Amino acid sequence: MSQAAESLYARVRQEVSAREKRLWEVSLALHRQPETAYEEHRAARLLTGELEREGFEVERGVADLPTAFLARTGSGSGSGGGPCVALLMEYDALPLLGHACGHNLIAAAGLGAALAARAALGEVQGALLAVGTPAEERGGGKVAAVAAGLFEGVDAALMFHPGVHDWTWAPLTASAQVRVGFHGRAAHPTGRPTEGIDALGALIQLFNTLGVLAKRLPSGSHVHGIVTDGGRATNIVPEYAEGLFGLRGATASALEELVEELRSCALGVASATRTRAEVTDVGGRYEHFRDNEVLSGLFAEHLDRAGIRLSEPEPGVYLGSSDFGNVSTRVPGIHPWVAIMGSDGSDHTPEFAEAAAGPRARRVMAAAAEALACTAVDVLTRPEVRERAWELLRAKAAAGR
């Protein structure tokens, strides 16, 4: 590594260290007042205020989302005007569980990385973006951001996620929410039983059919559902019943095949039960995550300086889905996982929410901010890094991976 690069990394470390106390205060402020999807008004105000105070130009309400924002600094536009890096922040919480996925740490680390990279570089040749993306847990703010063109001209999209593993990346599956409604005919179940067409019975049959289907699904694919409308009274044959189903596939194409399987099962059940089925998507689909090893390898090297060593994920282990997948299939991206509690724990639990405000979380936040900032510096200052990252993304896209 050149002396110039080492000097920049040292400057990044100094800048993160100087801001660590404030970054932790930001993280705790988010943790104390959790806001769920699309309601993250305090979080957005807090983060944009910090960015504006250090010279970023901030645009609020981007992608028609009131709690999304785009902060920018540098001499380029990011659309043919030089290299461009986007540091992503998530800040929505889970209903009832608060920051049990650690998004307060994602936001603080992304903020710290953006501020440290800008300060270390002085005048940014190109564009450095800090992108506030709401509603990762439900709705998909990044889906809207991609559709709005926020990542056009971006050479690298960088973020990290706290977890229970230290992994350079993790298989994040494509996912969709699908609503299935069955229309039948109401009747009195005793007085005129032959006149009724039981919509709830059809929905129950669909669950049974999907149970058989699940036994032959490929690795990374599964379907699970809940009953959202099961009728109105026990003495009325339900004329309408509805279920909401979550589907996941290892790739976007595997997900599409599973959605079609669900549709086929629903229509088959409707035919057998003389009901009418409606199958509709709910919200935008999350695409599978496409890791860029050029960039995630650099992040891992930088994180190793802080004493945290990342490894490859365990084969066959899937950690869920993220709307970051929709970004990673379009621009080179990273989504490493850094543990804030032991591997015997789990996120989306009260214990993880507690850990997200603990001393280990603080160390991870600072280390991740430093590694993200150094990786951003690599992309902005080393043309060969950008070229290799794009070559890898195009190769994976051509191979459907």
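In what order do the strands of the open sheet come, and with what pairing?

Modeller: Keep in mind that this is a predicted model. The open sheet has 4 strands, and you read them across as 8-9-7-10, with antiparallel pairing. At the edges sit strand 8 (222-229) and strand 10 (276-281), each of them pairing on one side only. Going from one strand to the next, the twist averages 20°.

Strand 10 is joined to strand 7 (residues 174-183) by 6 bridges, and the two run antiparallel.

Helix 5 (residues 199-214) packs on it and touches strand 7, strand 8 and strand 9 (240-249). The direction of helix 5 makes about 20° with that of strand 9. Then there's helix 6 (residues 252-273), which lies across strand 7, strand 8, strand 9 and strand 10. Helix 6 runs at about 10° to strand 7.

So much for the sheet; here's a helix pair to look at as well. Helix 1 (residues 3-32) and helix 3 (residues 103-121) pack with their axes 8 Å apart, at an angle of about 150°. Because of that angle, helix 1 counts as roughly antiparallel to helix 3. The contact involves a list of residues, including Leu-8, Val-12 and Trp-24 of helix 1 and Leu-111, Gly-112 and Leu-115 of helix 3.

Conventions. Residues are numbered from 1 along each chain as its sequence is written. This is a predicted model: local features need pLDDT of at least 70, side-chain atom pairs count only at pLDDT 80 or more; totals for chains, interfaces and linings use all residues. Side-chain values use heavy atoms; hydrogens and water are left out. Two strands pair if DSSP finds at least two bridges between them. Axes are lines fitted to C-alpha atoms, for helices over the stretch in contact, and angles run from 0 to 180 degrees between N-to-C directions. Contact means heavy atoms within 4.5 Å. Angles under 35 degrees count as roughly parallel, over 145 as roughly antiparallel, 65 to 115 as roughly perpendicular and the rest as oblique.
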